[in-house]
Amino acid sequence: MNADLERLIELEKVDREAARLVEEVAGLPKRVAAIEAKLAEHKAAVEKAKAQIKSNESSRRQLEADIRGFQEKIVKYKSQSSSVKTNDEYRALMHEVEFAEKQISGCEDKILELMLALESEEKALKVAEAELKTETADVEKEKAEARVRTAEDEKLLAALKEKRTQLRSGVNDTALAHYDRVMRQRKSAIAEAREQKCMACFVIQRPQTWQEIRSNEHIVTCNSCGRILYFDPANEVVPEPAKKKSKARVEVEAESEPETTPETTPTQ
Ligand SMILES: [Zn+2]
């Protein structure tokens with residue numbers, strides 16, 4: 001095989017692997033940021049559950065204070081009742097006592113409701129805390145993995161860079177310039193040619209070009225996409241019977257190989 005062609009094939013592998021590693025390194029912080037955002041959601045859930053319990057407790061304290069207030073009033077009314085002069089005054093005081101007792105009963109009902117709600121609120125907090133704990137451990141693990149992967153990738157990249165410089169120094173300037181131009185435009189600069197076709201853009205190459213590609217002794221570029229073509233004998237396809245030839249192939253042969261079939265005379 002042509003030495004430049006061989007190096008360019010190798011160079012493209014190096015360039016592609018380097019591009020993949022660069023992309024991976026760039027993607028890792030994004031992945032960590034995504035899982036950290038998820039962690040923030042779990043933290044918020046824990047805070048919300050805690051706030052709910054706190055509000056439950058303060059509501060209960062307020063109700064208990066209200067109950068004490070009503071109880072004090074009842075004591076006061078009862079002590080006043082012993083010194084009232086008229087039945088009306090006495091009835092009015094007893095009415096106040098009854099009202100305060102109703103209020104107390106209402107407060108006690110609300111406290112009971114809050115106690116029941118507290119049970120489920122505490123359960124929700126436990127669940128949220130457990131999820132946060134698991135998620136935190138996952139995030140730490142993922143972060144550690146990302147750090148290790150980044151370090152490995154960077155080491156690989158440094159090695160590839162060295163290999164790249166070495167390969168490039170061995171290729172002639174014209175071929176290298178062509179390679180760089182196609183690489184910039186198409187993200188790949190080398191393509192296998194199989195069955196006379198460029199396997200990147202699938203355009204059929206002219207028979208003369210195909211012979212040159214098959215030899216692997218020249219830098220041959222695809223007449224459509226410009227990629228540098230090579231031939232792998234391992235992938236050579238055994239020709240099929242003529243009737244199965246594709247239309248495109250027949251056309252190319254008809255257009256470029258009339259001299260190969262001089263014995264065929266058109267019948268009219
Ligand atoms: Zn092509």
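**Notebook: helices of a predicted chain**

I began with the overall make-up and found 5 helices and 4 strands in the chain, taking helices (H or I, at least four residues) and strands (E, at least two) as DSSP runs numbered from the N terminus. Reading from the N terminus, I noted the order α-α-α-β-β-α-β-β-α. This is a predicted model, in which local features need pLDDT of at least 70 and side-chain atom pairs count only at pLDDT 80 or more, while totals for chains, interfaces and linings use all residues. Residues are numbered from 1 along each chain as its sequence is written, and side-chain values use heavy atoms, with hydrogens and water left out.

Next I looked up burial, where buried means under 20% relative accessible area, exposed over 50% and partly exposed in between (1.4 Å probe, protein chains only). Of the chain's 268 residues, 30% count as buried.

**α1 and α2**

I then turned to helix α1 (residues 3-81) and helix α2 (residues 87-169), whose axes come within 5 Å and cross at roughly 165°; the axes are lines fitted to C-alpha atoms over the stretch in contact, and angles run from 0 to 180 degrees between N-to-C directions. That angle makes α1 roughly antiparallel to α2, a term for angles over 145 degrees. In the contact of α1 with α2 I read 41 nonpolar, 10 polar and 31 charged residues, with Asp, Glu, Lys and Arg as charged, Ala, Val, Leu, Ile, Met, Phe, Trp, Tyr, Cys and Pro as nonpolar, and the others, Gly among them, as polar.

I also checked Ser81, which has its place in α1 and is buried, with a relative accessible area of 16%. Ser81 and Arg91 lie 10 residues apart in sequence, and their C-alpha atoms are 9.0 Å apart in space.

**α3**

In α3 I found Ala175, Leu176, His178, Tyr179, Val182 and Met183 buried. Seen down the axis, the buried residues of α3 fall within an arc of 160°, so they line one face of the helix, the arc being that of the directions from the helix axis to the C-beta atoms. On the other side of α3, Asp173, Thr174, Arg184 and Gln185 are exposed.

**α4**

In helix α4 (residues 207-215) I listed Pro207, Thr209, Trp210 and Ile213 as buried. They cover an arc of only 150° around the axis, which puts them on the same side of α4. Just after α4, I noted that Asn216 takes a positive phi of about 60°.

How values were computed: Angles under 35 degrees count as roughly parallel, over 145 as roughly antiparallel, 65 to 115 as roughly perpendicular and the rest as oblique.
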